[in-house]
Every structure is written in C-alpha cells, then in structure tokens.
Amino acid sequence: MSDKKMQVVFASAEAAPFVKTGGLGDVAGSLPRALVAAGADVIVMVPKYGTITSEYTDRMEHVADFYVSLGWRNEYCGLERLAIDGVTYLFIDNERYFKRDYPYGFFDDGERFAFFSKAVTESLQHLPEGFQCDVLHCNDWHTALAPVFLREFYQGLPLYERVKTVFSIHNIAFQGQYADTILNDILGMAHIPNAARQLRCDERSINYMQGALDYSDAITTVSPSYAWEIQTPEYGEGLDGILRRRSNVLSGILNGIDTDAWNPATDPMIHANYSAADMSGKKACKAALQEELGLEVRDDRPLMVMVTRLTRQKGMDLVTYALDRILSGGVQVAVLGTGDYEEPMRYFANKYPGTCAARITFDNALSHRMYAGADMFLMPSLFEPCGLSQMIAMRYGTLPVVRETGGLRDTVAPYNQFTGEGTGFTFANFNGDEMGDAVFRGARLYWDDHAAWDQLVQNAMAADFSWVRSADEYMNLYHNLHPEIDITKPEPVVQEPEPAEPVAVEAEPAAAPAPEPAVTEAEPAPKTEQAAEPADDAKAEAPAKAEEPAPKAEPAKKTAAKKTTASKTAAKKPAARKTAATKSTATKAAEKPAAKATATKSATSKAAATKTTAAKATATKTTTKATTSKATAAKTTAKKPSTASATKTATKSTTTKAAPAKAAAAKTAADKPATAAATAPKATSAKTAPKAAAAKTAPAKASTSKATTSSAAKATAKPAAPKATAAKAATPKAAAQDSSAATPADKPAPKAKSVSAAKRATRKR
Ligand code: ADP
C-alpha cells in the first residue's frame, strides 16, 4: 500500500449548487464531499454554463487553457477552478457551447457533450500539481464518451495508463443517441473500427451511453435492484444485452440524502419540530397541514400524500384508478406536483372536498410540510432508479407505500405483521388493486394497532440515509480498481480537545415514546376495508360528508417562520442535538471536533442496529437524492491546487428548484377548496441568472445532432458485489449479440412498451 490518496476526477453535466435540473445535480453536489470525507482527493468537472451565478464565477480562478480537437474542429477549452468544502471544481469553459440560458435541450447537444467529454479527458493533463488521476468517474450520457476517447486517443500516454474509468447510470432512459454522421464529423472516430462498432446502435445511429458501457472499467447505477432490472429487456431500454454481458463490472450503490436539509428536528419549514424521541410535533404538523390544504382536521383520518412529478413513471395511472376507493374508504389524500395528470388530480380534489387536496405546483417549502404532516407517502412507481422522496418521507416518520421496484424495493422494508418489522407498505405488481390493498394495509394498521404503527415509524426514522455509506461503497469500488491505493478513512480533524459532550452519544432512543393513540372517538374507524369503502358510486360521491367535521385538533396557526427560532438554534448546535435525525454527514463530521464525530458515528451505528431485519431492508437502506441541495459558500478561493482549498463554512441555501415558502399564501389556499390550488410557476432549477464571463470561444460551426436528451440522477451501485443472478443467467451468446455494434436485429428482446413509453414521457430535461 502506498500513502497516495485515491485521486478521483468526477465528471458531470450538472452539480449543485452551480447547476441542477435533477438528481444528477444532487449527486454531483453531495457525493464528492462525502468522498473527500472518506479519504479521497476529488476534482469535479462541470461545464461552465452561462447560468452559473456570479456568486461563483467571480471567485473562479483561471488555471489553464488549451485546445480540444473535435473532428475537424479545434475548440478552445479553459479550466476555471473553485474550491468548496475540500472539493475542487474545475469548470470547462467554452462559451460557444455553454454560455446559454439553460443546460440542455439544444440542437447541438450531441456536439456540446462530445466536446465536454473530450475536454474532460484532455484536462487530465492539466490538473493541479500533485493531482494524478486514478479514477475518472463519469455520469450519464453527457460524459459517456470520455472513457471512449480515453482509450482510443490517449491510452498510449503514460499519464493515462493508470486511469481507470467508472461510468454511473442515473437514468438509462436518456442515452445520447445521434445520427452516425457525428462519428466522423464530431467524434473523429469513423476510421477506428472498434470504436465505430461499439458506438453504433443501429444502421444510422450511434449511442454515447452504449460506448461508455463497453469502454468503462466499472459501471454503477443508483440502486442494487435497478442494477438488476436494467439487465432485463423490460427496463434496459435496449442496453440490457450489453449490461448482461458486462454484469461482472456492474453494481448498484444507493444515493444518500442531505440529512441536514431533511431533518424534522431542525427543519425551519415545518410547523413544529420533532424527532424519533419526541413525536408530539408531528401531530401538530398534521393538523396544520390538514388545515392548510382544506382537509378535515382529524387525527382519525390517515393522511397520505404524494410529492412528485405527475407522470406515468410515478404510477399516476394506478393512483387515478384507485383513488375513489381510497378516498371513500376513509383515507385523506393530498398531492403536490405537476405533470401529465394535473387534471385528474383536480377532478378528485373537487369530488372529495375535505378529503382530497391537489396542489399543482412546485413548492419546496410545502413539500417539507407535507413530508412532516402526513402519515403515509404514496410512491407506486412503474420504475424508479433510486428515488428520493420515499427516503425523505421515512426520515420524517411518514410511512411509504411503494411498489417494489428499483430503489423503492431497496429502501422500504415491507411491514411484517408477525414480527413488527418493516418501514412501510409495499406491493409487487403494477396494478391499481394491489396498490389499493397496500394503502389499506397501512390505513388498517393506523386505525387498529397504534403500537405497531408507532414502532414502524420508529423503524423508518432510524434508517440511515446519509451519504457516508454510499461514499464508502464508491471508495471500495475505486479500491478494487486500484488495489495498491489504501483507502483508509482520514481521522477526523481534531481541533481542540473540547470536553466530550456526553449528550451527543445518546443518539435517539430506540423505543417509541409511547405515542398518543390516534384519536378515534369522533368516528369509529371502519372495521374492515370493505366496510370502509362505498358500495357504489353514489356513495363515493359523498363520502366524508356524512361524517361529522368537528375538527378537534387545534388548528395550529403558527407560520413556519415563527417556530423556527428554536429549530434554527438547534441547527446551529449540531453536537447538542443527538437525535437520529441530526446525524451529521461525513463531510461535517470531518470538519468537527472529535467529540462530534463520535456522536455522529454512534448515531449512525445505532441507526444501523435498529434497522429491521426484514429481508429487503437488509439489502439497502439509504438513499435519497436530496432535492434540496446545499449551496456551500466557500470562504476562500482556492489558491492551491487540488485539495488545498480551504473552506470555512457551508451554508445551506435554497436549491435551484426550490420555491420559496409562502406560508401566507398557503394559508389562504387552505381556506379554499382543494381545486383552487394555485398553479404556481415552476422553478426549474437550471435557470439561474445568466452571468457574464469573458468570451474565449473559438468560432466553430454547430454541427449535427438530433434531439436532446437529459438525465436524472441518482447513482448507486454496490461495489465489489457481483452481479445479480439474473444477469448471470443471461447467456453469453445473447450478450455478445447485443453488444456487437450491430443492427437492430441484434438488439435484445423487445422492451416492455409500457415502461419505455413512460420513461419517454417523464423526461425532465
Ligand atoms: P424524481 O424521479 O423526480 O427525481 P425522486 O423521488 O428521486 O423523484 O425526487 C423527487 C424530488 O423532488 C423529491 O425531493 C421531491 O420532494 C421533490 N419534488 C417533486 N415534485 C415536487 C413538487 N411539486 N414540489 C416540491 N418538491 C417536489
């Protein structure tokens, strides 16, 4: 073993807080910091988009410039450095390609990201002194050509020989397919038979992601189950054959979530803070949410919410199918989201006033209130690479009802009525009745067995969703590629032997604090699911009305702003807050005194110990792609290369997506029928104020390329873990067929149309 640190270049088309349109931005914003805490040196390479605010561009330092050949072109490439939280960011500067109003969706995206991939590869020769790239970690199709370029154009150079490549699939639905004219005109690879063959996906097209799958040393995706699923024709989007062939290097590593941003004990956006040790605040949150949304304020009604894109991928077909049964059966439902199913949701909100609410908007603050105020969180996805929402829900003690697919399967352990284990309610098939059954399994438990319900809530809140686990798995993966490099975690920086804070060790109690039983006196809970459901449509028309509204819960009126005093204080004293919720992230632990780090560990290990043993739960645990990204404010600009960047603090700020909390508006809305849901403007993350930057681009002509693609992110992959069984089941023959450059006839079995169609429909960018 050498003393050398693992030095990783992480290439991504987006990274929070600079630019984010989806989960990929969250991962690239969070994972590198966790990797640094795990002992790696990390440089993140991102395009220097015109939308990156001057808050960051003003602090960037120009470190190099050179030209990148792209077919017949020679394109300018500048490297601008910024260091935050121990992570060095190198922005790839070319204004012709990147100084635009949004990151993706242009006619020349194929050329733009071919350039980005080539620039990343070329940049390995221009890294800060002392940084010798061991692993080039690429993400999604935007960077998929880097492993191809590296092997075809740079392999002979000594510097590149040691570079191992990792490719992470955050969403296989977006692959970067372009007309094959690009092969010569832009990639300059038409004369390389091997490359041409491996990039070609049909007679007229090439596929960037396909190239990465063949050329990379390791492939990961965002959950172990998704890693298995994408090896099947149903989920593989045509790449399943290659993935089966390469299953020996494919693994799934769950994403983490920002456990500071999503923390019910300190969240300033919710009505009352609470923790696993003291759940009283959650009841207040529920009453406040019911009132805000115009629902009957009753604790004897389980409140189930969805915070989601309203698309087929997210299971909205099942929801609209089963909603009559669910609503008339005594379950309140509130939906926050935008997308293809806005009208159906408005329809149900109109049909069941007081029982159903729809907020057709993107509202980050409201999403926090919904995660905190609900009893159940519905996520019946058709497919789900990783999924963030279900993990956030569990962190807030809101039990998920999910379909067993992808990351949902890996993160939600089904309730076992015999052992009391589990963290939610699950169903297997994409079927509305099965989903309805799962919802009522939850509702029945809520009504009939408070102790079991409360235990489930404790289980869910004890799960470990931090990035630490994911980062460790990535480090193991890197280590497998470079066994000569030790990956021992660095000791936490001990500042001063601050007296150990005993409180920190207590973590959260494992046992539930004898929660107050749900109030049921107003109306006896239906004895059976059947009984609760209407016998006919007519009944469904006037379900909840027959019941006495008499809201008993005191309509907690405080605005989020008010009660934040306490929570803010709490947020500032992480060491003193040792509830499970306050587990610090790896990054933070590294920055804190030893005593705090200890606390973190003990909380984490405790959470781990509390995990249920239910089969599925063991498989995974964490996840969550934080919607809220942390905007870290670096105090100093990096002067030194690589890791030398000193950052003092990291302040949380809004995510690019986040809409500001509007308590007042929300209240107003609460007084109105659910249908009055305002259609607030969507804040699409990617759009930030354009900034000026020095023009340095070399002129060139935009060339080809077809449509646009985008990607959503969440990465996962289990490191060394060998492939799933099914992968192995694939015959070598079939695999060989699929991967050969081939013709459409070589493609694997036809994809499940429903899944593919849904994926297309759910493109986020
Ligand atoms: P996706 O496939 O959309 O990335 P995830 O569950 O992984 O699904 O993450 C979605 C994230 O976006 C969650 O954090 C969720 O809270 C957030 N989100 C989705 N829709 C909305 C909305 N309308 N308002 C606020 N947040 C939303």
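Predicted model: local features only at pLDDT ≥ 70, side-chain atom pairs only at ≥ 80, totals over all residues.
Residues are numbered from 1 along each chain as its sequence is written, and side-chain values use heavy atoms, with hydrogens and water left out.

The protein chain holds 31 helices and 18 strands, where helices (H or I, at least four residues) and strands (E, at least two) are DSSP runs numbered from the N terminus. Of its 765 residues, 63% count as buried; buried stands for under 20% relative accessible area, exposed for over 50%, and partly exposed for what lies in between, with a 1.4 Å probe and protein chains only. The chain exposes about 26,200 Å², of which carbon and sulfur atoms supply 55%, the areas coming from the Shrake-Rupley method with a 1.4 Å probe and, for residues, with only the protein chains shown counting as cover. Among contacts (heavy atoms within 4.5 Å) with a separation of 6 or more, residues 24 or more positions apart account for 79%.

The confidence of the predictor in each residue is given by pLDDT, from 0 to 100; its mean over the protein chain is 74, and 64% of the residues reach 70 or more. Over residues 497-765 the pLDDT is below 50, and this stretch has 657 contacts in the model beyond near neighbours in sequence.

Two open sheets can be followed in turn. Strands of a sheet pair through backbone hydrogen bonds, either parallel or antiparallel, and two strands are taken as paired here if DSSP finds at least two bridges between them. Nine strands form an open sheet of mixed pairing, in the order β3-β4-β5-β2-β1-β6-β7-β11-β12. Its edge strands, each pairing on one side only, are β3 (61-70) and β12 (250-252), and neighbouring strands are turned by 25° against each other on average, direction ignored. Such angles run from 0 to 180 degrees between N-to-C directions, with axes as lines fitted to C-alpha atoms, for helices over the stretch in contact. Within this sheet, β6 pairs with strand β7 (residues 164-169) in the parallel sense over five bridges, and Asn139 stands opposite Ser168 in β7.

The other sheet, also open, has three strands in the order β8-β10-β9 with antiparallel pairing. β8 (177-179) and β9 (200-202) are its edge strands, each pairing on one side only, and neighbouring strands are turned by 40° against each other on average, direction ignored.

Most residues other than glycine have a negative phi, and most peptide bonds are trans. The peptide bond from Ala16 to Pro17, however, is cis, with omega near 5°, and Pro17 is placed in the loop between β1 (7-11) and α1 (23-37). Asp85, in the loop between β4 (73-84) and β5 (87-93), has a positive phi near 55°, and is buried because its relative accessible area is 5%. Asp140, in the loop between β6 (135-139) and α5 (145-154), has a positive phi of about 60°, and is likewise buried, with a relative accessible area of 0%.

The 14 residues of α12 (residues 280-293) should span 20 Å, and the end C-alpha atoms are 21 Å apart, which agrees. In α12, 11 of the 14 residues are buried, including Cys285 and Leu289, and the helix is followed by Gly294, whose phi is positive, near 75°. The 13 residues of α19 (residues 450-462) should span 18 Å, and the end C-alpha atoms are 18 Å apart, which agrees. Because 10 of those 13 residues are buried, α19 is largely enclosed by the rest of the structure; among them are Trp453, Leu456 and Met461.

Technical notes:
Expected span 1.5 Å × (residues − 1).
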